Amino acid sequence: MTTRPDKPILSALRQLAVGESCTYPAERASYLKSACTSFGFEWGKKFTTTTNRAQRTVTATRIA
């Protein structure tokens, strides 16, 4: 699952199943990484993030 940039990050993260991911522009990288850490802990979920410098995007993937 790839999320459009206009969908709120928290909504996208909350809806991800294990193995699914969402991608946002580089400008949202700090917030996405912070949300994965803070809300992942709160919700009992684990996420990993990767950056793509060439495409200027950041992707969060739910791993547990």
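**Hairpin and sheet**

Tutor: Start with the hairpin of S2 and S3. It has four residues between the strands, and Arg56 there takes a positive phi near 55°. This is a predicted model: local features need pLDDT of at least 70, side-chain atom pairs count only at pLDDT 80 or more, and totals for chains, interfaces and linings use all residues. Residues are numbered from 1 along each chain as its sequence is written, and side-chain values use heavy atoms, with hydrogens and water left out.

Student: What makes a stretch a helix or a strand here?

Tutor: Both are DSSP runs, numbered from the N terminus: helices are H or I over at least four residues, strands are E over at least two. The protein has two helices and three strands. Along the sequence the pattern reads α-β-α-β-β.

Student: Why are S2 and S3 called paired?

Tutor: Strands pair if DSSP finds at least two bridges between them. S2 and S3 have six, in the antiparallel sense. Thr50 stands opposite Thr59 in S3, and Asn52 opposite Thr57.

Student: How do you know that S1 pairs with S3?

Tutor: By the bridge count again: S1 and S3 share five bridges, antiparallel. Cys22 has Ala60 as its bridge partner in S3. Thr23 stands opposite Thr59.

Student: What order do the strands take in the sheet?

Tutor: The order is S1-S3-S2, in an open, antiparallel sheet of three strands. S1 and S2 are the edge strands, since each pairs on one side only. Neighbouring strands are turned by 20° against each other on average, direction ignored.

Student: Which helix packs on the sheet?

Tutor: H2 does, touching S1, S2 and S3, and its direction makes about 15° with that of S3. Axes are lines fitted to C-alpha atoms, for helices over the stretch in contact; angles run from 0 to 180 degrees between N-to-C directions.

**Burial and contacts**

Student: Why is Thr57 called buried?

Tutor: Buried means under 20% relative accessible area, exposed over 50%, and partly exposed in between (1.4 Å probe, protein chains only). Thr57 has 17%, so it counts as buried. Thr57 belongs to strand S3, residues 57-62. Five of the six residues of S3 are buried, leaving the strand mostly covered.

Student: What does Thr57 contact, apart from its neighbours within four places in sequence?

Tutor: Its partners are Thr23, Tyr24, Pro25, Ala26, Thr50, Thr51 and Asn52. A contact needs heavy atoms within 4.5 Å.

Student: Why is S1 described as largely enclosed?

Tutor: Because four of its five residues are buried. Ala12, in helix H1 (residues 9-15), is buried too, at 0%. Across the protein, buried residues make up 34% of the 64.

**Salt bridge**

Student: How do you know that Arg56 and Glu27 form a salt bridge?

Tutor: The rule asks for a side-chain nitrogen of Lys or Arg within 4 Å of a carboxyl oxygen of Asp or Glu. Here the closest N and O atoms are 3.3 Å apart, which meets the rule. The pair links distant parts of the chain, 29 residues apart: Arg56 is in the loop between S2 (47-52) and S3, Glu27 in the loop between S1 (21-25) and helix H2 (29-43). The total is one salt bridge.

Student: Is Glu27 buried or exposed?

Tutor: Exposed, because its relative accessibility is 60%.

**Cysteines**
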